[in-house]
Amino acid sequence: MARRGPTYPSLVPAPSERLDSRVVALAIGALVAFSANSILARLALGGGLTDAASYGTIRIASGALTLAVILRARRGSLAGSWVSALLLALYAAPFSFAYLELTAGTGALILFGSVQATMIGTGVVRGDRPSAAEWLGLFAAVAGLVWLVSPGVDRAPLSGAVLMAVAGVAWGGYSLRGRRATDPLAATAGNFLRALPFMLVVSAVAVPSFSVTTSGVGYAVLSGAVASGLGYVVWYAALPGLTATRASIIQLAVPALTAWAGVLILAEDVTLRLVLAGTVILGGVALATFGWSRDR
């Protein structure tokens, strides 16, 4: 009987079953950064401190600059592609416009639910054979998203929800392409830089609504340079110590963390519908992710 090959290539160490303190610290830092993107967006856009197009453009520009500086210090060269850059812009622009209407927690829930559903659904389209757990999880996640925006007093604004779902699909596609990158930092820096022209086009189209303040620009720079630029660097540093399942499940903590940060920092309400729909969505995504991992 032939022996089964190793699960991981010999030159790539397998993630440990026990997480070390460094990986835990890096993962927590990345989750805080991802949550901060939603909080900073609501501080700037919910408060009318800047228009959505300018916020997204400044965010991408500051992220590109930060990543380029880090890459130069590491003596690396830019990578990436125009297709990935377009997907990045298709995430950043709808993300900004969606947060004109959505609360921080609701936006993060729709975003990460859409990202995970896109990545798992793409596997199905490409020929993966879903298990019963995967189908049930996908159905639950989609049903939860539909419920979140269905008619009712406490429903999420439909236009904002659709925009955030578009952002999630684009980010899911961007993430799938990014899995093939041999140097994630170089690819991300190059993609941010290439995404800037697309964002400038969005800003040009939205000139009639142009409105910025010093505080609004500051929040956008923090989002781009720290929460996005440095946040992605920290996340990539944590990934080698995480299994694929752990990385997927850990990200499910972001909507909950964002919702509570929204309550504490922005004084946002947590509705019963958000709690219940969020439980269904994240539970479905977790079920589908665990099913995918077990089968493989």
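Phe 95 counts as buried because its relative accessibility is 1%, where buried means under 20% relative accessible area, exposed over 50% and partly exposed in between, using a 1.4 Å probe and protein chains only. This is a predicted model, in which local features need pLDDT of at least 70 and side-chain atom pairs count only at pLDDT 80 or more, while totals for chains, interfaces and linings use all residues. Residues are numbered from 1 along each chain as its sequence is written, and side-chain values use heavy atoms, with hydrogens and water left out.

Let us stay with Phe 95 for a moment. Arg 59 lies over the face of this ring, at 4.8 Å from the ring centre; a charge sits over a ring if NZ of Lys or CZ of Arg is within 6 Å of the ring centre and within 35 degrees of the ring normal. Phe 95 also belongs to one aromatic cluster with Phe 34, Tyr 91, Tyr 99, Trp 171, Tyr 174, Phe 192, Tyr 232 and Trp 235. Of these, Tyr 99 is buried, with a relative accessible area of 0%.

The structure holds nine aromatic pairs. Rings of Phe, Tyr and Trp (its six-membered ring) pair if their centres lie within 6.5 Å, and planes under 30 degrees apart count as stacked, over 60 as edge-to-face and the rest as tilted. One of the pairs is Trp 82 with Phe 198, edge-to-face at 6.1 Å centre to centre and 85 degrees between the planes. This pair links distant parts of the chain, since Trp 82 is in helix α3 (residues 82-98) and Phe 198 in helix α7, 116 residues apart. Phe 95 and Tyr 99 are edge-to-face too, because their ring centres are 5.0 Å apart and their planes stand at 80 degrees. Back at Trp 82, the charged end of Arg 194 sits over the ring, 5.9 Å from its centre.

Helix α7 (residues 184-205) also holds Thr 188, which counts as buried at 3% relative accessibility. Beyond its neighbours within four places in sequence, Thr 188 is in contact (heavy atoms within 4.5 Å) with Leu 67, Tyr 174, Tyr 232 and Tyr 236.

Now step back to the whole fold. The chain has 11 helices and zero strands; these are DSSP runs numbered from the N terminus, helices being H or I of at least four residues and strands E of at least two. Of its 296 residues, 48% count as buried. Leu 272, in helix α11, is exposed, because its relative accessibility is 62%.
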